[in-house]
Amino acid sequence: MAWLVLVVSGLMETVWAIALDRSAGFSRPLPTAIFGVALVVSMLGLGYSLRTIPVGTGYAVWVGIGAVGTAVAGMVALGESTSLLRIFCLLLVVGGVVGLKYAH
């Protein structure tokens with residue numbers, strides 16, 4: 001269960017990062033509210049997961065999911081670069097996250 005909560009928390013990190021960008025410095029109410037809710041849900045889930053998952057592994061997996069999710073959302077929905085080098089680097093992050101999960 002802790003791993004599932006950790007994955008959802010990592011996805012919520014993606015949500016709050018995109019909402020933070022869209023909030024325009026907290027000047028837009030809806031993205032600001034989404035940012036706040038997603039941030040709290042993400043942190044609560046991370047905290048719950050770290051009860052049973054070692055902090056180094058849990059935090060690295062959480063950050064990896066959030067970073068890759070945010071980068072992919074930026075490429076798919078926000079028109080950011082989709083260069084082969086960028087995609088390769090994201091695959092390296094995914095490989096590291098998978099490796100940490102199986103090394104646990």
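Because the model is predicted, local features are reported only at pLDDT of at least 70 and side-chain atom pairs only at pLDDT 80 or more, while totals for chains, interfaces and linings use all residues. Residues are numbered from 1 along each chain as its sequence is written, and side-chain values use heavy atoms, with hydrogens and water left out.

**Overall fold**

The protein has 4 helices and 0 strands, and its pattern along the sequence reads α-α-α-α; here helices (H or I, at least four residues) and strands (E, at least two) are DSSP runs, numbered from the N terminus. The C-alpha trace spans about 40 × 35 × 15 Å along the principal axes.

Of the 104 residues, 31% count as buried, where buried means under 20% relative accessible area, exposed means over 50%, and partly exposed lies in between (1.4 Å probe, protein chains only). The accessible surface comes to about 6,100 Å², with 76% of it belonging to carbon and sulfur atoms, as computed by the Shrake-Rupley method with a 1.4 Å probe. Among contacts with a separation of 6 or more, 64% come from residues 24 or more positions apart, a contact being heavy atoms within 4.5 Å.

**Annotated regions**

An unreviewed UniProt entry lists residues 33-50, 59-78 and 84-103 as "transmembrane region"; such annotations may be inferred rather than shown by experiment. In the model, residues 33-50 are 94% helix and 0% strand, with end C-alpha atoms 26 Å apart, and residues 59-78 are 95% helix and 0% strand, with end C-alpha atoms 26 Å apart.

**Aromatic rings**

A search of the whole structure finds 3 aromatic pairs, counted when the ring centres of Phe, Tyr or Trp (its six-membered ring) lie within 6.5 Å, with planes under 30 degrees apart called stacked, over 60 edge-to-face and the rest tilted. The table gives two of these pairs.

| Pair | Geometry | Centre to centre | Angle between planes |
|---|---|---|---|
| Trp16 and Phe35 | edge-to-face | 5.9 Å | 80 degrees |
| Tyr59 and Trp62 | tilted | 5.6 Å | 35 degrees |

Trp16 is buried at a relative accessible area of 17%, and Phe35 is buried at 13%. Ring pairs also join Trp16, Phe26 and Phe35 into a cluster.

Tyr59 and Trp62, by contrast, both lie in helix H3 (residues 55-77), 3 residues apart, about one turn of the helix. Tyr59 is partly exposed at 45% relative accessible area, whereas Trp62 is buried at 4%.

Lys101 lies over the face of Trp3, at 5.0 Å from the ring centre, and also over the face of Tyr102, at 5.6 Å; this requires NZ of Lys or CZ of Arg within 6 Å of the ring centre and within 35 degrees of the ring normal.

**A buried leucine**

Leu90 lies in helix H4 (residues 84-103) and counts as buried at 15% relative accessibility. Leaving aside residues up to four places away in sequence, Leu90 touches Val68, Ala71, Val72 and Met75. Leu90 and Ala67, 23 residues apart in sequence, are 8.6 Å apart in space, C-alpha to C-alpha.
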